[in-house]
Amino acid sequence: MRQQDFSDRHPSFMAGLEPLSRRGFLRGSVLAGAALSAGCARLLGRKEAPEALEYEHLEPNEVRTLRRLTEVLIPASEGLPSSIEEVPTLGNIDSMAGKMPPQTRELFGLALWVFERRPMVSFSFTRFSNLDDDDALEYIRSMQQASFFERGLTTTLKTVVTLNYWRDERTWPALDYWGPVTEKWGVTRLGNAPLPRA
Amino acid sequence: MRNVNVPRDGVPVTQAKDVAADPSLGKKFRLRADVVIVGSGGGGSVAAYELAKAGLDVLVLESGRYYPSSRFTEHLGDSMQLIWRDQAGQVNTSADVVFAEGQCMGGSTVIGGCVMQHPPDWVFQRWVDNHGLADLAPEKLAPYFNQVGQEQQVHVNESHEINACAHKVIQGCERMGFSWQPVTRNVKRCALTGHCLAGCPSDRKMSALVTHLPWASAYGARMFADTQVTQVRTRSGRATGVDAVVMDPDSGSEVARMAVDAEVVVVAGGAIQTPMLLQRSQISDPSGQLGKNLAVQPFTQALAEFPEDLHAFRGALVGVQVDEFFDTDGYFFYSGLAEPEQMLAQGYLGAGQDHIDFMKKYKRMAALNAFSIDEGNGEVQWEGDAVNGSKKIKWNPGRSEFENVKRTAALAARIFFSAGASRVYLPTYQHLAVDSVFDLDQTLDQVDYGLNGMYTFRMNSFSAQGTCRMGLDKYAAVVDPDGECHETKGLFVADGSLFPEPMPAPPQWTVQVVAKHIANRILERRDGLFIQGNSA
Ligand SMILES: Cc1cc2nc3c(=O)[nH]c(=O)nc-3n(C[C@H](O)[C@H](O)[C@H](O)COP(=O)(O)OP(=O)(O)OC[C@H]3O[C@@H](n4cnc5c(N)ncnc54)[C@H](O)[C@@H]3O)c2cc1C
């Protein structure tokens, strides 16, 4: 399939988003998978938040959309580390973007572009990152209940953000999740199974 | 007498870094073997073991990395990054169904859920009646099932392997009058960590990594990881070997090219990759079925919230199955709640405080994975040339398949409500949860088939099958009853792609059994296959 380039980004998308879906845009699951693995602090070296305000792989406008989405999706809550200040959610997404194949990376950028501008239709020409908390939440909820395209788009971005937060071990005590246990419990490794008898 | 020693731990595997460090190999090298096996998962590992044990010179080539269990971290994200194909992002063309697959030494057996199920005899009787597979009649396969069962330490879950999640399913079934059973699993002395999908660091899961691969190696099989087979070579209707590329698993850069000369090629790359390799190799296929008949066993997960803490992620991942609808509808259900990250692969998610509340209920959640049998109408296609082409997995639910998925989700929800759930989160792309069984049907009615069922239910496939279907008739099937391509002598398939019809059961045990049968047929036909003579 030929990929259109970014010069195609045009407000005419706003009228109807279906053309994007025909371009195989809704790679929610691809991104979800990449999010799980790319956010792995242990393998990639955890960046302590607050990160330098530079991201290697995300563009500044993408960072703006993602930061707002992160704040709105995962607000401060008793017993949980902050999704912006403590857990490097955006840093993790940045690493994730760096590991995406070019085609997926392009689609991710496009998803953010559309998500950022979609509210202009119903929120008096305001972009997502400029909406106040209540409007931003309302926008996300209405996208989740809308056409299949919007559901896919919203689910994708929500999954990317939330995975890159909850995969951080610091969030687990609040869930009462025990994490890795084999070493902690001193479970012995059995090694290879013996050869079956003939 | 041969000296057969199974290594205590790990498998001797040549990796890209070893190839890079060996100046004698250079950038292009050539190997010879009696049999080259493509893929080291459920099918490939069993074939390697059987053929090496019989004295053949076996070479196994695996595209994924060698990730020994001593390095497993019980962190799903680590495993997904390193050993799940496309980082768990292999999807259909509309990108709403995930096709999970292992890509490592041991293939999907390394990340599997450990459920081992012997399908009912009628499944194999249909293979006999409809596809001429007399050698796969139930009574002929029975000894193979026994053998694999013993090799894999298959046992029925004991009471300590039934965790809180499974208990909720049992309670619900009892109230509904549904039949349930403890599942059979291939685990030896389970440590009850619940981390099966990330790989078992204490070697209790009997994956190929700790069974058939080290055993094959003990009998002399050689193994390469990081080695992607790009083409099967043929001449005058005979397989002559394969071409492969050795790649650095971290950077993806090419380390060397390998050519293998072998009179028998066994392709066991799994039901998604195998047909594409044969398509790239332009293998003659009079049936026109190569890559077609893809069955996916779509499954969704119903998550239920209970008033009390369950910590249902603790203990053996899969405890019980609901088999009430197995024979009548082809539905099957398994209890199992994995890591917190898996909650996010569910549909609900929420936003803001709603999302936080949802996640904080993890300890009060139980999950039931609802599978249905599909019609096998999907297709896998390699598009473009061998080097620059790309894969296409075409599968979206038809209307009746969609209705089945919906019905399984509804049944799973009912089971949980009967067990006392206060809320069930539905596995949909819409944000749907139900607080009472009386609202269930009405809520599910909001999920409309729409356009090809796209972005309706959050479906996954762990068990693709059927893309190189087996059968007697060369105009209807890709491979013959021995697993050999109808028109290419010496080219065998030994993996989940062989299943001639969608199967209503988790496939691993059957894949291993069929691979044993195929290895056996290769050995029985040894004189005709190895015309250049073979050492054994
Ligand atoms: C997450 C998960 C959980 C599962 N849980 C269960 C379960 O509980 N019970 C059950 O019965 N089944 C389960 N399955 C399914 C089961 O694991 C598979 O059906 C079985 O392993 C299939 O064996 P296979 O040989 O066809 O393919 P695989 O085991 O997938 O092996 C194929 C191997 O071939 C390699 N390969 C592919 N193409 C090439 C190439 N061109 N060159 C070199 N190498 C190549 C791949 O990298 C892979 O390692 C699960 C699967 C997954 C993904």
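Which residues of H2(B) are buried? Here's a look at that helix in this predicted model, and at the chain around it.

## Helix H2 of chain B

The buried residues of H2(B) are B:Gly42, B:Gly43, B:Gly44, B:Ser45, B:Val46, B:Ala47, B:Ala48, B:Tyr49, B:Glu50, B:Leu51 and B:Ala52. That's 11 of the 12 residues, so H2(B) is largely enclosed by the rest of the structure. Buried, here, means under 20% relative accessible area.

As for its length, H2 of chain B runs over residues 42-53 and reaches 17 Å from its first C-alpha to its last, close to the 16 Å expected at 1.5 Å a residue. After the helix comes B:Gly55, which has a positive phi, near 95°.

## What covers it

## Chain B as a whole

Stepping back, chain B holds 14 helices and 22 strands. Its radius of gyration is 23 Å, close to the 24 Å the globule rule gives for 536 residues, so chain B is as compact as a globular protein of that length. Its C-alpha atoms fill a box of roughly 70 × 45 × 45 Å along the principal axes.

Buried residues account for 67% of the 536 in chain B. Take the contacts between residues at least 6 apart in sequence: 75% of them join residues at least 24 apart.

## Surface and charge

Chain B exposes about 17,500 Å², with carbon and sulfur atoms supplying 47% of that. There are 48 positive and 61 negative side chains in chain B, and the centres of these two sets sit 4 Å apart.

Methods: Residues are numbered from 1 along each chain as its sequence is written. Chains are lettered from A and ligands numbered from 1 in the order in which they are written. This is a predicted model: local features need pLDDT of at least 70, side-chain atom pairs count only at pLDDT 80 or more; totals for chains, interfaces and linings use all residues. Side-chain values use heavy atoms; hydrogens and water are left out. Helices (H or I, at least four residues) and strands (E, at least two) are DSSP runs, numbered from the N terminus. The expected span of a helix is 1.5 Å times one less than its number of residues. Buried means under 20% relative accessible area, exposed over 50%, partly exposed in between (1.4 Å probe, protein chains only). The radius of gyration is taken over C-alpha atoms; the globule rule is 2.2 Å times the number of residues to the power 0.38. Contact means heavy atoms within 4.5 Å. Accessible areas come from the Shrake-Rupley method with a 1.4 Å probe; for residues, only the protein chains shown count as cover. Lys and Arg count as positive and Asp and Glu as negative; His and the chain ends are not counted. The place of a charge is taken as NZ of Lys, CZ of Arg, CG of Asp or CD of Glu.
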